[in-house]
Amino acid sequence: MASIYGDIMKIDTTGASERTAKQDKLTIKGVEASKKLAENDLARMEKYKSMIIKVGKAKQMDPAVIAAIISRESRAGAVLKDGWGDHGNGFGLMQVDKRYHAPKGAWDSELHVTQATEILIGFIKEVKVKFPKWTQEQCFKGGISAYNAGVKNVQTYERMDIGTTGDDYSNDVVARAQWFKSKGY
């Protein structure tokens with residue numbers, strides 16, 4: 001299922017940085033590293049697949065993008081402690097930051113994934129307002145970057161990931177999403 005926000009398969013990506021790839025002790029970087037990171041999360045992701053697809057349909061968001069953010073943010077729950085990450089600031093599979101939002105639902109619930117997807121959509125819309133000449137796909141990628149570092153951090157299309165975690169957030173998420181799409185998300 002595509003998204004009303006653009007086609008994830010049409011977005012250019014450089015994939016994961018060396019720093020991100022090192023999470024899994026990978027010696028590769030780029031799109032291949034992002035695919036491998038996503039693949040390493042696939043078994044855990046499968047238990048959330050139907051919920052991800054349901055939320056994606058309800059919010060008109062590509063489920064592959066939701067899965068990719070879950071993979072990037074919490075490794076499909078693997079790095080969370082009682083549902084929390086980021087030194088106790090990030091909540092749930094998609095790491096909703098309690099400093100900016102009141103987390104909803106259980107850490108692995110449909111309510112949580114819905115809230116986080118709505119936050120992502122809000123960022124995509126804000127990027128569209130900030131850059132009215134950008135294509136739908138550019139705004140989609142910018143919104144993914146903003147999900148990590150805020151709309152203020154998105155200055156130019158080419159450098160939108162500078163200042164995100166690993167300086168590769170949207171590129172890594174896009175590459176993971178393209179891979180999850182091939183797995184039926």
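The side chains of Arg72 and Asp168 form a salt bridge, with an N to O distance of 2.8 Å. Arg72 belongs to helix α4 (residues 63-74), whereas Asp168 sits in the loop between α6 (136-149) and α7 (169-181), so the pair ties together parts that are 96 residues apart in sequence. The model is predicted. Both partners are buried in it: Arg72 has a relative accessible area of 8%, and Asp168 has a relative accessibility of 2%. Arg72 and Asp168 also belong to a network of salt bridges that links them with Asp24, Asp41, Arg44, Arg75, Asp172 and Arg176.

In total, the structure holds 16 salt bridges. One of them joins Arg99 to Asp86, with the closest N and O atoms 3.5 Å apart. This pair links distant parts of the chain, 13 residues apart: Arg99 is in the loop between β3 and α5, and Asp86 is in the loop between β1 (84-85) and β2 (90-91). Asp86 is partly exposed, at 41% relative accessibility.

Another salt bridge pairs Lys35 with Glu32; their closest N and O atoms are 3.5 Å apart. Both residues lie in helix α2 (residues 31-45), three residues apart, or about one turn of the helix. Lys35 is partly exposed at 30% relative accessibility. Glu32 is also partly exposed, with a relative accessible area of 47%.

Ser109 is located in the loop between β3 (96-97) and α5 (110-130). Its relative accessible area is 16%, so Ser109 counts as buried, the cut-off being under 20%. A polar atom of the Ser109 side chain lies 2.8 Å from the backbone oxygen of Ala106. Beyond its neighbours within four places in sequence, Ser109 is in contact with Met51 and Lys104.

Conventions
Residues numbered from 1 in each chain as written. Predicted model: local features only at pLDDT ≥ 70, side-chain atom pairs only at ≥ 80, totals over all residues. Heavy atoms only, no water. Helix = DSSP H or I, 4+ residues; strand = E, 2+ residues; numbered from the N terminus. Buried < 20%, exposed > 50% of the residue type's maximum accessible area, 1.4 Å probe, protein only. Polar contact = N/O pair within 3.5 Å; in protein donor to acceptor, adjacent residues only side chain to side chain. Contact = heavy atoms within 4.5 Å. Salt bridge = Lys/Arg side-chain N within 4 Å of Asp/Glu carboxyl O.
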